[in-house]
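This report goes through selected contacts, strand pairings and helix packing, chain by chain. The sequence and structure come first.

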Amino acid sequence: MKKPVALKVLDIVTIIALLGATAMVFFYAPIERVMGAVQKVFYFHVAAGWVGMLSFLFAAVAGIIFLVKKKKIWDLVGVAAVEIGIIFIFINIVTGSIWARPIWNTWWTWDPRLTTATIMELVYIAYLMLRQGIDDPERRARFGAVYAIVGFLSVPLTFFSIRIFRTIHPVVIAGSDPTAVGTFDMTPAMFQTLMVGIVVFSILFVDLVWHRIRLGQLANQVEEMKFNLQD
Amino acid sequence: MQPGSIRLNTKTSFTKAMFAVVWKDLIAEVRGKELISAMLVFALLVIFIFNFALELDPKTRSALTAGILWVTITFAGTLGLNRSMAVEKDRGCLDGLLLAPVDRTAIYFGKSLANWIFMVIVALIVLPIYSILYNTNIISPALLLVIVLGSEGYVAIGTLLASMAVQARTRDILLPILLFPVILPVLIAAVKASAGILNGFPLEDLQTWFNLLIVYDIIFTSVAFMVFDSVVEE
Amino acid sequence: MTVIIEVKNLVKRFGHKQVLRKLNFSVQQGEFVALLGSNGAGKTTLLRILSSLSKPNYGEIRISGFFLPGQAAEVRKKLGVVSHLPLLYGDLSAEENLRFYSRLYGLSNFQSHIEEILSLVGLLKRKKDLVRTFSRGMQQRLAIGRAILHDPEVLLLDEPHTGLDQEAANMLDRLLQQIASKGRTVVMTSHDFPRVATLATRFDVLAKGMIQSSKLAKDLPQHGLLAYYQSIVDEIDATREHKIEH
């Protein structure tokens, strides 16, 4: 199963885009007045968080389509989205922690966004553990789809519940509560860098998911060949 | 054997099937006494552990009671859910249910309703015991309402997830891992509402939490109802 | 004679393993078909698909004029299923179990009917006893009672003699003969050749995902079942070896 040309092109585009975005973060975006260089983590943090949520949506939608159409490819899409999503959310949590340390002098804050991100991570991991415990591939796919849907619906509800508490998470977009510690106003250059970062991470996400799906398909082919040999 | 007095409808009525399942679970529990006693003993043990793990002098205790109660309910609940579905799986009874000409969702609602009743019964026993142990009356209609609403959401998703977990190899540890992260919205609302009630806040202030509980219950129950088929059918 | 069960080109896969390959199977009303085959041949799979518990990947199935899986609800009313698991609730009495299933099947005024069935399976005196106190033989008899509660046209039995001692198995056979004689159609899988030889009117051999051979009881010599089965199996093994050599 040769790598399709589109994927090869995407790989190159992704690498270039990543280099470009990183360059933007370090050379184009200005250094923030109050927080200093550590604020640059913000670009990766938000982009990773955004993509993490996107992959959650991917997995839930793939789950719904699988339950309706019963085509195996959608199960593979769901698994790929979850596995890659785990990585992005992890980056989101860790960069969030790195950012929090110098600003609030703590490695962890129980504010809504960080907490919800961690819960999302736990749901992802539970998803993988569920699949691991089931031997029948058809059942594994069905259950995965169901849990992806359930998880996707519950996480925003969780966020909403926690939100009703006071938050110390920086409210970044200008115009909101100015007393929240850690706020900063974004210059146009910062805004552009952020948007580019989000787009680039999304491209990276698609690239990785595509690779993961191919990996799954190749694995399936191997399994099938093994069975045919046995006969 | 001419069954002259027997009438077969096209599909057995939804409510009849559902209540047949509920009744069956209730009778089985009255006989076996496994579910409620296990949940109860576990709940009491958790309360005792909390007593030693946390410094519960009267001042801090009132702040913590809501939390302790709901942690207890959450953990004991998984025992009940696991057991309830395991009974069906182990003796092949789930097949028996699936062979009947009934809507699968009738089975789901029957099991959930039974599980809900068990959880509320356990809570009804735990509340007075807690009151006695700590010489403080925590029983009130408002708190009972919170428990009823909170358990509903818990059981709605819990029954669905337990049906999946029971079919996996890692059955026993899997249910809590699957359930706890997604049940957090219900838990948060229930704890905040309970804490408010126990601290004597006026009910109008807690309106938000009650509304949230109801919204969650509706959402979780609808979702579970829609996907249950996929979980039991092959 | 009407065809009650009709299966065409049935395919069932588990992951990559193809268990049933374009299987064709047809049963006429009143027949008692014994499904023979080695472990893992797919007998249980076939029965599960016929009982609507499992869905095929491909193929056409009609039972009593209704299609599976599309009209599963209608089919379920016509089926009675006995598997090697009892499908009974241990904490309920025999009577309560039957009451529960009567409700599930939408029956009404069922009390006297339940007592009739309990009497038929020889458990009327134990009706108030909890099923977990029953021996395996008694549980199987009650399971059969449960299966015929709604007077189904078709009975599917998956190795019902498993775990029974001689006496219990004999009682079960007498019961089966009685039930089958009322014009019901029966499909039963079994490893127990002597028993099956006395019960069935037809013997089908399931191997390599298909029905390899079908023989009516009256066309077999007495005590000839084992020899017949062995010959089919040997034939299949021979063709496989032939294939491997080439």
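The model is predicted. Local features are reported where pLDDT is at least 70, whereas totals for chains and interfaces use all residues.

## Interface of chain B with chain A

Chain B contributes 22 residues to its contact with chain A, and chain A contributes 23. On the chain B side, the elements giving two or more residues are helix H6 (141-165), helix H7 (171-198) and helix H8 (207-232). H7(B) supplies the largest share, nine residues.

By class, the side of chain B that touches chain A has 18 nonpolar residues, three polar and one charged.

## Interface of chain B with chain C

Between chains B and C, 29 residues of chain B are in contact with 32 residues of chain C. Two elements of chain B give two or more residues to the side that touches chain C: helix H1 (14-32) and helix H4 (93-99). Of these, H1(B) gives the most, with eight residues.

The class division on this side of chain B is 14 nonpolar, seven polar and eight charged.

## A buried position in chain A

A:Ala145 lies in helix H5 (residues 137-163) of chain A. With 25 other C-beta atoms within 10 Å, A:Ala145 is buried, because the count needed for that class is 20 or more.

Leaving aside residues up to four places away in sequence, A:Ala145 touches A:Gly63, A:Phe66, A:Leu67, A:Asp75 and A:Gly78. In the case of A:Gly78, the separation from A:Ala145 is 67 residues in sequence, while the C-alpha to C-alpha distance is 7.3 Å.

## Strand pairing in chain C

Chain C holds an open sheet of four strands in the order S2-S1-S4-S5, with antiparallel pairing. Strand S2 (17-28) and strand S5 (66-68) are its edge strands, each pairing on one side only. Direction ignored, neighbouring strands of this sheet are turned by 20° against each other on average. Within the sheet, strand S1 (residues 3-14) and strand S4 (residues 58-63) run antiparallel and are joined by five bridges. C:Ile5 has C:Ile63 as its bridge partner in S4(C).

Further pairings involve strand S9 (residues 202-207) of chain C. Strand S3 (residues 32-36) of chain C pairs with S9(C) in the parallel sense over four bridges, and S9(C) pairs with strand S10 (residues 210-216) of chain C in the antiparallel sense over six bridges. C:Asp204 takes part in both pairings: C:Asp204 is the bridge partner of C:Leu35, and C:Ser214 is the bridge partner of C:Asp204 in S10(C). The hairpin of S9(C) and S10(C) has two residues between the strands, and in this hairpin C:Lys208 takes a positive phi near 50°.

## Helix packing in chain C

The axes of helix H5 (residues 136-147) and helix H6 (residues 166-180) of chain C come within 9 Å and cross at roughly 15°. H5(C) is therefore roughly parallel to H6(C), the limit for that class being angles under 35 degrees. The crossing of the two helices is right-handed.

From H5(C), the contact is made by C:Gly137, C:Gln140, C:Arg141 and C:Ile144. From H6(C), it is made by C:Ala168, C:Met171, C:Leu172 and C:Leu175. Sorted by class, the contact of H5(C) with H6(C) has five nonpolar, two polar and one charged residues.

Technical notes. Residues numbered from 1 in each chain as written. Chains lettered and ligands numbered in written order. Predicted model: local features only at pLDDT ≥ 70, side-chain atom pairs only at ≥ 80, totals over all residues. Contact = placed C-beta atoms within 7 Å. Nonpolar A, V, L, I, M, F, W, Y, C, P; charged D, E, K, R; others polar. Buried ≥ 20, exposed ≤ 12 C-beta atoms within 10 Å, placed from the backbone. Pairing = 2+ DSSP bridges. Axes fitted to C-alpha atoms, helices over the stretch in contact; angles between N-to-C directions. Parallel < 35°, antiparallel > 145°, perpendicular 65-115°, else oblique. Left-handed = near helix turned anticlockwise from the far one by under 90°.
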